[in-house]
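Work through the following exercises with the sequence and the model open side by side.

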Amino acid sequence: MTDSEEIFDITIIGGGPIGMFAAFYAGMRNAKTKMIESLPVLGGQVALLYPEKTLYDVGGYAGVTGKELVHQLTAQMQHFDQTICLEEEVTHIQKLDDHLFELTTSKGIHYSKTIVIATGQGSFNPRKLTVPDADNYEDNNLHYIVKQIEQYRDKTVVICGGGDTAVDWALTLESVAKKVYLVHRRDRFRAHEGSVEMLKSSSIELLTPFVPHELMGEGNSLSSVIFKETRGNKLKKIDLDYFIVNYGFVSKLGPVKQWGLDLDRTDIIVNSKMETSIDGIYAAGDSITFDGKIKLIATGFGEAPTAVNHAVHSIHPKEHAQPIQSTKLSFEE
Ligand SMILES: Cc1cc2nc3c(=O)[nH]c(=O)nc-3n(C[C@H](O)[C@H](O)[C@H](O)COP(=O)(O)OP(=O)(O)OC[C@H]3O[C@@H](n4cnc5c(N)ncnc54)[C@H](O)[C@@H]3O)c2cc1C
């Protein structure tokens, strides 16, 4: 368990689009900012559920894919230095003092003067393989999320899944890996048509309709997978270096319900300043409700600065919640 004694001005829980914009905006207000996200990647629902979808209702974009939006939000955050803690789920929040919160996570303890909750629909977890012994290999060469492309260089990689994520990773890894297999339980892929067309002219070996049947390996090292025909008895064994499973994600609201906040069913109730029922805790995005709340990225992008500006004002009452507009602000390109 790693404890950080450092006290941050604002800790943002959740690294979805709204948490990311809040983190950038907190930098605009010179706040010492930390973000805690349960997944190893940022972007929330946009990155996980619809990276290839084109969004037409985000201000300033005539059309932007989910992936590009997350890329732009990441670049925008990088104008400032935040402390970003990935693969860490906030489980408990305790108010120690007027301006001091203790946040307990799956990895340790954090301290913050204020909190902005941007937990959306809850923390996401990959939908896992139900084949016996799958968890044996999870810390080694069975992956649910691709973090570093380079680790697959010159390796034999088997990817399981039929959606955009599985197809995209197969196409991306084709140029890096020695050999890529893509296995799906149906004959048709549910991915973007253009990507499915690209599969046909690639060197990726397709195996459909097959599902994982048995995992074989030693210790935590998976060496081969036996696949079985979905509605038949044919078996096919593939030797591999890495097995990537993309079966989508499940979200669980879990801990938010235990933080002592006033809720309307599962949504956190906030006022027009994005204040929750606990002084010093603010919230924005899909996790909140108020009279007239609309759950969209565009509306969340408005709620994030409202929450941050009021959080800053609560720590430094001499600083106005309303920021002073300046023509002098410039970022290095
Ligand atoms: C298929 C689909 C299509 C959509 N299309 C559009 C569209 O076209 N336009 C539009 O405006 N909106 C669209 N939406 C809605 C949009 O994605 C959401 O409004 C937006 O993602 C909300 O952002 P958020 O940051 O509040 O929450 P989320 O995106 O849900 O992110 C929350 C993050 O918090 C993390 N988290 C949760 N709990 C914890 C915890 N305890 N500790 C640490 N981390 C935690 C989660 O892992 C997650 O990464 C769509 C949604 C779906 C599912």
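**Exercise 1.** Is the crossing of helix 1 and helix 3 left-handed or right-handed?

*Solution.* Before starting, keep in mind that this is a predicted model, in which local features need pLDDT of at least 70 and side-chain atom pairs count only at pLDDT 80 or more, while totals for chains, interfaces and linings use all residues. Residues are numbered from 1 along each chain as its sequence is written.

Step 1: locate helix 1 at residues 17–28 and helix 3 at residues 66–77, helices being DSSP runs of H or I with at least four residues, and strands runs of E with at least two, numbered from the N terminus.

Step 2: the two pack at an angle of about 20 degrees with their axes 8 Å apart, where axes are lines fitted to C-alpha atoms over the stretch in contact and angles run from 0 to 180 degrees between N-to-C directions. Helix 1 and helix 3 are therefore roughly parallel to each other (angles under 35 degrees count as roughly parallel, over 145 as roughly antiparallel, 65 to 115 as roughly perpendicular and the rest as oblique).

Step 3: the crossing of this pair is left-handed, that is, the near helix is turned anticlockwise from the far one by less than a right angle.

Step 4: P17, M20, F21, A23 and F24 of helix 1 meet L69, L73, Q76 and M77 of helix 3, contact requiring C-beta atoms, placed from the backbone, within 7 Å.

**Exercise 2.** At what angle do helix 5 and helix 6 pack?

*Solution.* Step 1: the angle between helix 5 and helix 6 (residues 193–200) is about 40 degrees, and their axes are 10 Å apart. That makes helix 5 oblique to helix 6.

Step 1: the crossing of helix 5 and helix 6 is left-handed, and the contact is formed by D164, V167, D168, A170 and L171 of helix 5 with S195, V196, M198 and L199 of helix 6.

How values were computed:
Two residues are in contact if their C-beta atoms, placed from the backbone, lie within 7 Å.
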